[in-house]
Each structure stands twice: as C-alpha cells, then as structure tokens.
Amino acid sequence: MSTLEIKDLHVSIETENGPKEILKGVSLTVNTGETHAIMGPNGSGKSTLAATIAGHPRYEVTSGSITLDGEDVLEMDVDERARAGLFLAMQYPVEIPGVTMTNFLRTAKTAIDGEAPSLRHWSKDVKSAMEALKINPEFANRNVNEGFSGGEKKRVEILQLELFKPKFAVLDETDSGLDVDALRVVSEGVNRAQEQNQMGTLLITHYTRILRYIKPDYVHVFVDGQVAESGGPELADRLENEGYVRFETATAGA
Ligand SMILES: Nc1ncnc2c1ncn2[C@@H]1O[C@H](COP(=O)(O)OP(=O)(O)OP(=O)(O)O)[C@@H](O)[C@H]1O
Ligand SMILES: [Mg+2]
C-alpha cells in the first residue's frame, strides 16, 4: 500500500504586492485505492493545492510537508514526482504546439518508466485506451491540445492517466465542460485506472454529478486555503443543496 500525506501545508505566491499566502495549513492523507473529493468555493485554493503537489514553480511552500510513502515530495523536481507515481490532470490543460500526441505520450511514458515502452504493446495500448475514451484516432497525429475543445482536452488528460498508470492522481475539475456522455466515458476511465493500479485519487470538483460515477470515500470542503470540514459522500449532497454559506459566515468575521 502507498500513502500520499500532506501535513500542515502552507503555500504562498509572489504577487505585485509581495507574497500572498493561499494555502493556510492543509492536511490530507490519501491511501492507495481511496478517492477523496475536494469541493469548495472559487478561489479557495484547490488548484493551488493540485499545482503544489505537481511541483509548479510558481507556488512556494513556506511550511508543512508532502510525502509519498515517507519520501519528501517537495524535494523532488517535476520529473521525479512523475516518476514517483504522481499525476496531475490540470484544470486548464496546456497546448504544446509542434508536438504530436503520439510523440508526447511515448516520450512522457519513457520518462516516467525510465525505459521506452515495448513498441508492439505500446501502440496497442494507446489504440485501445483511445477507443475506450472515444477519442477519434486522428487525434494521435494532432499537436497536444492545440485547438482541442474543452471536453477533448479533458479526455486526453484521462488518456494519459490510463497510459502512465500513476499511484496517485490529482484531477482538477476534470468534469468541467464535459457533456453527459463524455462525463460517463471519462469517469469510466478513472475507475479503470483505480481498479487496475489501485490508484489513489484526489478529485477536485464543483459538482456532485461526477460523484455518481466516481464514488468518493471522503469529501473535503476547502474554504480559504484550509480543509474546513471532512465527511463521507453525504457531505457532497449537503453542499449541493446548501452551498457554502455556512462556511462563509464562519470566515467572514475572522
Ligand atoms: N498572482 C496572483 N495574485 C493574487 N492572487 C492570486 C494570484 N494567483 C492566484 N491568486 C489567488 O489564489 C487564490 C486561489 O486560487 P485557486 O486557483 O487555487 O482557487 P480554486 O479553489 O482552484 O478556484 P476555482 O474553483 O475557481 O478553480 C485565488 O483567490 C486567486 O485569485
Ligand atoms: Mg481551480
């Protein structure tokens, strides 16, 4: 079993007016096979947490820790994190002009595994993963995310998830902008990765819709850079009905 442990994490970003603290003491433990949903109002720091786990240079960890099976993740550069088994599906996937999907997937897979995937199996794996996610084969020759629609970009993120087989995945609003069919297809992709690799998942979302397909073991409410409350799946329904008002009044006077 593997464990991703985030302890009392404080993260700042550099702004024109000096450093600004975004994460104010986040603690979360995700074990192999578990799904943790993170919900919370806009601007509460969810993407900041995702980017910090992935190692985005913009985010400065001022205190606290992130460890993967006891290894210090914060000491690892972005590539080392990927090799250690961490995967981030970004809220806004970036375009990589001049690099085809085929080349990107193979290069990334080689970097993550430390060896090139066997040619014979690899092409088959890519083909069947694309079929499962209902991605048109011609996407293999297109440049990564260039001109892809919002929903197409999200599918391609899950394609990577299926091929790279990470231990832990952070999915930042993978459900946003997906049509009903795509939501199901993408959710099935995540569920397959969980079953096949016992993947642990941090699923950031605004909607309970996706949680009908990807069943969370825990739901955490992010408010103002902290986990304000944790609970089971029923907490997601409560948030959908009530919104975040009760948390806002709690922070307003602080
Ligand atoms: N350069 C910056 N200057 C000031 N504030 C910033 C800067 N970059 C990010 N922030 C702030 O950091 C906060 C956290 O942003 P983050 O993207 O993590 O929120 P989020 O919870 O993912 O929101 P959403 O649900 O809208 O995706 C926001 O209030 C954002 O405005
Ligand atoms: Mg976000």
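Which residues lie nearest the centre of the largest pocket? They are A54, V78, L88, M90 and Q160, out of 32 residues that line the pocket. This is a predicted model, where local features need pLDDT of at least 70, side-chain atom pairs count only at pLDDT 80 or more, and totals for chains, interfaces and linings use all residues. Residues are numbered from 1 along each chain as its sequence is written, and side-chain values use heavy atoms, leaving out hydrogens and water.

**Largest pocket**
- A pocket here is an open set of points on a 1 Å grid over the protein atoms alone, where a 1.4 Å probe fits, with protein on both sides within 12 Å along at least five of seven lines; lining residues have an atom within 4 Å of a point.
- This one has a volume of about 880 Å³, counted as the space filled by probe spheres set on the points, which are joined across faces, edges and corners.
- Its lining has 19 nonpolar, seven polar and six charged residues; Ala, Val, Leu, Ile, Met, Phe, Trp, Tyr, Cys and Pro count as nonpolar, Asp, Glu, Lys and Arg as charged, and the others, Gly among them, as polar.

**Second largest pocket**
- About 240 Å³ of space lies in this pocket.
- Helix α4 gives the most to the lining, with seven residues; helices are DSSP runs of H or I with at least four residues, strands are runs of E with at least two, and both are numbered from the N terminus.

**Strands**
- β1 and β4 run antiparallel, joined by eight bridges (strands pair if DSSP finds at least two bridges between them).
- One of the partners in β4 is S63, which bridges to H10.

Technical notes: Chains are lettered from A and ligands numbered from 1 in the order in which they are written.
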